[in-house]
Amino acid sequence: MSDKEYLDRISTVEIYAEIFLGILRYTSVKNNYNDEAYKTEITKKLKFQNKTDFELLRACIDLIEDTQNAITEVFQNGLSTKCQSKGEMYLRIYGVLNAYYLQLGAVIDLMRLFNLPNQKEKKEHLKSAKIIELRNKIASHSTSYNVPNTKEVDFYKIVQSSINESGTSLRIIGKNGSEEIDLISNMKVFTIEIEKVLHETIKKEIYTRKFKKDHFEWLEFRYKYINENRLNKKNEIDLDIIKI
């Protein structure tokens, strides 16, 4: 299987995670056989602050990949599988919302590790996304939701009859009313926002660091693949979201 054939089979977020892993793997370190010396040198080479930050980077990479697997499963198959049970649908709703929250945490850590500009604004923008609001309302703080910028506490529940395989018309009820949610549409919006941050971070890193020629080519191939092969697809997704 060629590199392109392999990349064709995985999501854009997973490709970004692979590039981050390549940055970690291909950062040249001489003291590979001395644990403390390795930690000191890799921390310096990556321009990190703490000796455990390179391990945090690996944890973020794994978490982004793992959560994206769960997210892709819902994109591809909706809220139910062959069993067609309500329990399965609830598991998928709660699971995918919390997968996004975990992914958000990993991306925020990556922004800090690689000193991305305007971190505060980017962090607040991502945290204010509708999909994160939904996670807080119906998959985390359902009976004790602190309404932003107020002292009010609300509570929420999902109308069971509104749950269907497509997840396009979930209705949630709070003490002050109800709202209808298109879960998949909001997932698409947030994934695009995550991709933007990952793209900016990777562009900054691969073109400002020194790598061996073959290692740089490996990294750049994946970066260019996203630019060249996913752009039209991304534009189609953007248009779909605008229409909804």
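**Helix 3 and onward**

Reply: Helix 3 is followed by K47, which has a positive phi, near 65 degrees. Helices here are DSSP runs of H or I, at least four residues, and strands are runs of E, at least two, numbered from the N terminus. This is a predicted model: local features need pLDDT of at least 70, side-chain atom pairs count only at pLDDT 80 or more, and totals for chains, interfaces and linings use all residues. Residues are numbered from 1 along each chain as its sequence is written, and side-chain values use heavy atoms, leaving out hydrogens and water.

Me: How far does helix 3 reach from its first C-alpha to its last?
Reply: 16 Å, for 12 residues, 35-46. That is close to the 16 Å expected at 1.5 Å a residue (1.5 Å times one less than the number of residues).

Me: Which residues in helix 3 are buried?
Reply: Y38, K39, E41, I42, T43 and L46. Buried means under 20% relative accessible area, exposed over 50%, partly exposed in between, with a 1.4 Å probe and protein chains only.

Me: And what covers them?
Reply: The cover includes helix 2 (12-26) and helix 4 (53-77). Contact means heavy atoms within 4.5 Å.

Me: New topic. How many salt bridges?
Reply: The structure holds 21. The cut-off is a side-chain nitrogen of Lys or Arg within 4 Å of a carboxyl oxygen of Asp or Glu.

Me: What does D53 pair with?
Reply: R112, with the closest N and O atoms 4.0 Å apart. D53 is in helix 4 and R112 in helix 5 (residues 86-113), so the pair ties together parts 59 residues apart in sequence.

Me: Is D53 buried or exposed?
Reply: D53 is buried, at 4% relative accessibility. R112 is partly exposed, at 36%.

Me: What about E133, which partners does that have?
Reply: E133 bridges to K130 at 2.9 Å. E133 also meets K137 at 2.6 Å, N to O. K137 is four residues from E133 in helix 7, so about one helical turn separates them. Salt bridges with shared partners join K130, E133, K137 and E179 into one network.

Me: How does helix 7 pack on helix 8?
Reply: Helix 7 (residues 130-138) and helix 8 (residues 183-206) pack at about 125 degrees, axes 8 Å apart. Axes are lines fitted to C-alpha atoms over the stretch in contact, and angles run from 0 to 180 degrees between N-to-C directions. The two helices are therefore oblique: under 35 degrees counts as roughly parallel, over 145 as roughly antiparallel, 65 to 115 as roughly perpendicular, the rest as oblique.

Me: Which residues meet there?
Reply: K130, I131 and I132 in helix 7 meet L183, N186, M187 and F190 in helix 8.
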